[in-house]
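Happy to walk through this one with you.

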Amino acid sequence: MSHNAPGKHDRDGLSLLDMMEMFPDEVAATAWFESIVWPTGRACGKCGSLKTRTAGNHKTMPYWCSDCRSYFSVRSGTPLAKSNVPLRKWAIAIYLCLTGLKSVSSMKLHRDLKVTQSTAWFMLHRIREAWMPKLAAAGGAPYGGPAEVDETYKGGKRKNMSNAKRATLEGRGAVGKTAVVDL
């Protein structure tokens, strides 16, 4: 049987070496995130205003918004907000999630990025939050297309039942158990 589509081995994109060359330091990672978050120019993450300027005296919030009179950064208003993890590690975590067949575990991320396991877990949840469609955030259906339904049966094992209860059951398997459906 011939296959026309490429298989799992046929993948184009960045290699890990390309990724490391793309983000050699925190400055490069910050510039990349700014180009993604603000493709048409810097805007305040809190109010969306374009009246912004560089605020040189604030380390973590390098920009100032004249309209809402507050400091902000490229992280403001994104899933990366209120995170002390460097943007370079965020970029590498996003790469590892996207290139893994089944994403990546928090333990692997913890080892690869030299962060705590709880920080890796936090990062993975924030990355997945960023992937959620906007429709789901608005209260609509998050996914389109066919849905998978699983079922299970809850109840005790026959061998753990009393002889009197066991004598009343007819058949095998799910007899005497409650069906539970998970959508």
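Predicted model: local features only at pLDDT ≥ 70, side-chain atom pairs only at ≥ 80, totals over all residues.

Author: Residues are numbered from 1 along each chain as its sequence is written, and side-chain values use heavy atoms, with hydrogens and water left out.

Reader: What pattern does the chain follow along the sequence?

Author: Helices (H or I, at least four residues) and strands (E, at least two) are taken as DSSP runs, numbered from the N terminus. The chain has seven helices and five strands. Read in sequence order, the pattern is α-α-β-β-β-α-α-α-α-β-α-β.

Reader: Which residue forms a salt bridge with Lys51, and how far apart are the closest N and O atoms?

Author: A salt bridge here is a side-chain nitrogen of Lys or Arg within 4 Å of a carboxyl oxygen of Asp or Glu, and the count comes to two. One of them involves Lys51, which is exposed because its relative accessible area is 54%, on a scale where buried means under 20%, exposed over 50% and partly exposed in between (1.4 Å probe, protein chains only). Its partner, with the closest N and O atoms 3.8 Å apart, is Asp67.

Reader: Why are Lys108 and Asp112 separated by about one helical turn?

Author: Lys108 and Asp112 form a salt bridge, with their closest N and O atoms 2.7 Å apart. Lys108 is partly exposed at 35% relative accessibility, and Asp112 is partly exposed at 39%. The separation is about one turn because the two are four residues apart in helix H4.

Reader: Is Ser73 buried or exposed?

Author: Ser73 sits in the loop between strand E3 (70-72) and helix H3 (87-99). Leaving out residues up to four places away in sequence, Ser73 touches Trp38, Thr60, Met61, Pro62 and Tyr63, where contact means heavy atoms within 4.5 Å. Its relative accessibility is 6%, so Ser73 counts as buried.

Reader: Where is Lys159 placed?

Author: Lys159 counts as exposed because its relative accessibility is 64%. As for its place in the chain, Lys159 is in the loop between strand E4 (150-154) and helix H7 (163-168).

Reader: In which strand does Glu151 lie?

Author: Glu151 has a relative accessible area of 55%, so this residue is exposed. The strand that holds Glu151 is E4.
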